[in-house]
Number of protein chains: 2
Amino acid sequence: MGLKVAFQGERGAYSEGALMQYFAPTGEEVEPVPCSSFEAAFEALASGAVDRAVLPIENSLAGSIHRNYDLLLRHTDVHIVGEINYRVRHNLLALPGVRLEDVRRVLSHPQALAQCEGFLTRMHLAREATYDTAGSAKRLREENLRDAAAIASLRAAEVYDLVVLASDIEDDPENYTRFLVLAREPAPPPQGVPAKTSIVFSLKNAPGILFKALSVFALRDIDLTKIESRPLRGQRWQYIFYLDFAASLADESAQNALRHLSEIAPFLRVLGSYPQDTTN
Amino acid sequence: MGLKVAFQGERGAYSEGALMQYFAPTGEEVEPVPCSSFEAAFEALASGAVDRAVLPIENSLAGSIHRNYDLLLRHTDVHIVGEINYRVRHNLLALPGVRLEDVRRVLSHPQALAQCEGFLTRMHLAREATYDTAGSAKRLREENLRDAAAIASLRAAEVYDLVVLASDIEDDPENYTRFLVLAREPAPPPQGVPAKTSIVFSLKNAPGILFKALSVFALRDIDLTKIESRPLRGQRWQYIFYLDFAASLADESAQNALRHLSEIAPFLRVLGSYPQDTTN
């Protein structure tokens, strides 16, 4: 009976690679549970069908995934308990026995194909766009394609029993996705552990209002690690802010800063307090 | 001889719809120029092959498009001269003569299919994922598909001579994409015109440093309309910030704020100063 962990995508998706990386050092037995959508992963967690969910929240090239912030806001029964900075490494996978010179076409999601543009051009390989990286790996296996390869995660090679013809074939090595680990119970780290707290708040528009809001952290020497504004549609000049700061809710200074912020912000919610991923 | 305007995508892409909407009130004759990538659109502008480029920079559901910020930073020869808040309206398109009851399957990009989930389920329509919305519309025409429909822009209906079986079929009407209009020469609006200025700057990590940086705007009563931090990979605890404020570079207070900011920020660049889109 392992820990059931929901992720979005097919078996072998990058999200599954990320969750395996996160739980590996804990020694816990993990059972990844694929979900067809982010919503389904949240539902699985909220309903108790799984113990954790691991979902992408921002990518170094593509930016923040607002959809998952929306779901975090909607699900007051779900809390962030961890984060992973996952390096997205693209691999060229094929059926065992297939050699690089046999490959005529490469299947993958358009974004993955685009991120490996240089490699594909150097190798004179034709691209075939599909709508999923792991799904492309699965197709090689299911349709026994021996003239094709897929760009997907190492995890997909394990899941579909494929060989790696080339690894780290992405043009830009600075491709990281930050994933959040979600649970039904909050778990703020004890003092002394490098921690982060993620909050969402809104502000009424007034000159200098954001400056005032940030003063609650500056006055207490609390570092910010992320800030992002998002306009509230239909409410002109109204914004919500996503903010991460480097402290645990277990710290008194963090509690004081949030009490202070609630005097300024009409809406404030703590999404979770969790150990910082200090590996990347 | 119209104004040549580059956009990314196939003819009929949502980007083409956005640029037509932007230039319509100017009465200028416009020749949209499709480009295969964002890079290609920047190159076309920088080389003089086109007069303007129109590129998406953020979406209300999907977030900021960091890739285009990267390209703006790299292309010091390109300036923002305008913005458009474009409402993404999905339409069900088919060949003339095809009726809704003839349609067995709906082709589109997975994201567009997902955004019309409610409609497709109510109508019992099978989904077929492709890698482009406009490309799906084009396929109906090229392959003479009479049992299929595509989810794409109204512009795609014009370009490929299709009929609209249903319009505004998206589940969430709050789907907006903000596009930037780029040119080779900066064009800061005169005083009195509601304006925005977009800047990028970096800060050395120190407690309260962002607070200090924002003070240059708060002290001069300049409103911020966007702020977003982005970690610089490989440089731990180093960030760059994307910031938009509501003033023109023609305003003395904006010039003073930027001079003040340059005392604090090791790196600072103005991406452009342009009239605000006040329609949405």
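Student: What makes B:I199 and B:F201 contacts of B:L268?

Tutor: Contact means heavy atoms within 4.5 Å. B:L268 touches B:I199, B:V200, B:F201, B:L258, B:L261 and B:S262, leaving out residues up to four places away in sequence. This is a predicted model: local features need pLDDT of at least 70, side-chain atom pairs count only at pLDDT 80 or more, and totals for chains, interfaces and linings use all residues. Side-chain values use heavy atoms, without hydrogens and water, residues are numbered from 1 along each chain as its sequence is written, and chains are lettered from A and ligands numbered from 1 in the order in which they are written.

Student: Why is B:L268 called partly exposed?

Tutor: Buried means under 20% relative accessible area, exposed means over 50%, and partly exposed lies in between (1.4 Å probe, protein chains only). B:L268 has 25% relative accessibility, so B:L268 counts as partly exposed.

Student: Where does B:L268 lie?

Tutor: B:L268 lies in strand β15 (residues 267-275) of chain B. Strands are DSSP runs of E with at least two residues, helices are runs of H or I with at least four, and both are numbered from the N terminus.

Student: Why does A:N68 count as buried?

Tutor: A:N68 has 2% relative accessibility, so A:N68 counts as buried. A:N68 lies in helix α3 (residues 66-74) of chain A. Beyond its neighbours within four places in sequence, A:N68 is in contact with A:F38, A:F42, A:L55, A:P56 and A:I57.

Student: What makes strand β13 of chain A mostly covered?

Tutor: Seven of the eight residues in β13(A) (residues 224-231) are buried. In chain A, buried residues make up 55% of the 280 residues.

Student: How do you know that β13(A) is joined to β14 of chain A?

Tutor: Two strands pair if DSSP finds at least two bridges between them. Seven bridges join β13(A) to β14 (residues 239-245) of chain A, and these strands run antiparallel. A:P231 stands opposite A:Y239 in β14(A).

Student: How many bridges join β7 to β9 in chain B?

Tutor: Three bridges join β7 (residues 105-108) to β9 (residues 148-152) of chain B, and the two run parallel. B:R105 stands opposite B:A148 in β9(B).

Student: In which order do the strands of the open sheet in chain B stand, and why are β8 and β10 at the edges?

Tutor: The five strands have the order β8-β7-β9-β6-β10, with mixed pairing. In chain B, β8 (126-129) and β10 (163-167) each have a single partner strand, so one side of each is left without a neighbour in the sheet. The twist averages 30 degrees from one strand to the next.

Student: Which helix packs on this sheet?

Tutor: Helix α6 (residues 133-142) of chain B packs on the sheet, touching β6 (91-94), β7, β8 and β9 of chain B. Its direction makes about 150 degrees with that of β9(B). Axes are lines fitted to C-alpha atoms, for helices over the stretch in contact, and angles run from 0 to 180 degrees between N-to-C directions.

Student: Into which domains is chain A divided?

Tutor: Chain A has domain 1 (3-87 + 175-183), domain 2 (91-167) and domain 3 (195-275). Those bounds come from an automatic or database domain assignment. The C-alpha centres of domain 2 and domain 3 of chain A lie 43 Å apart.
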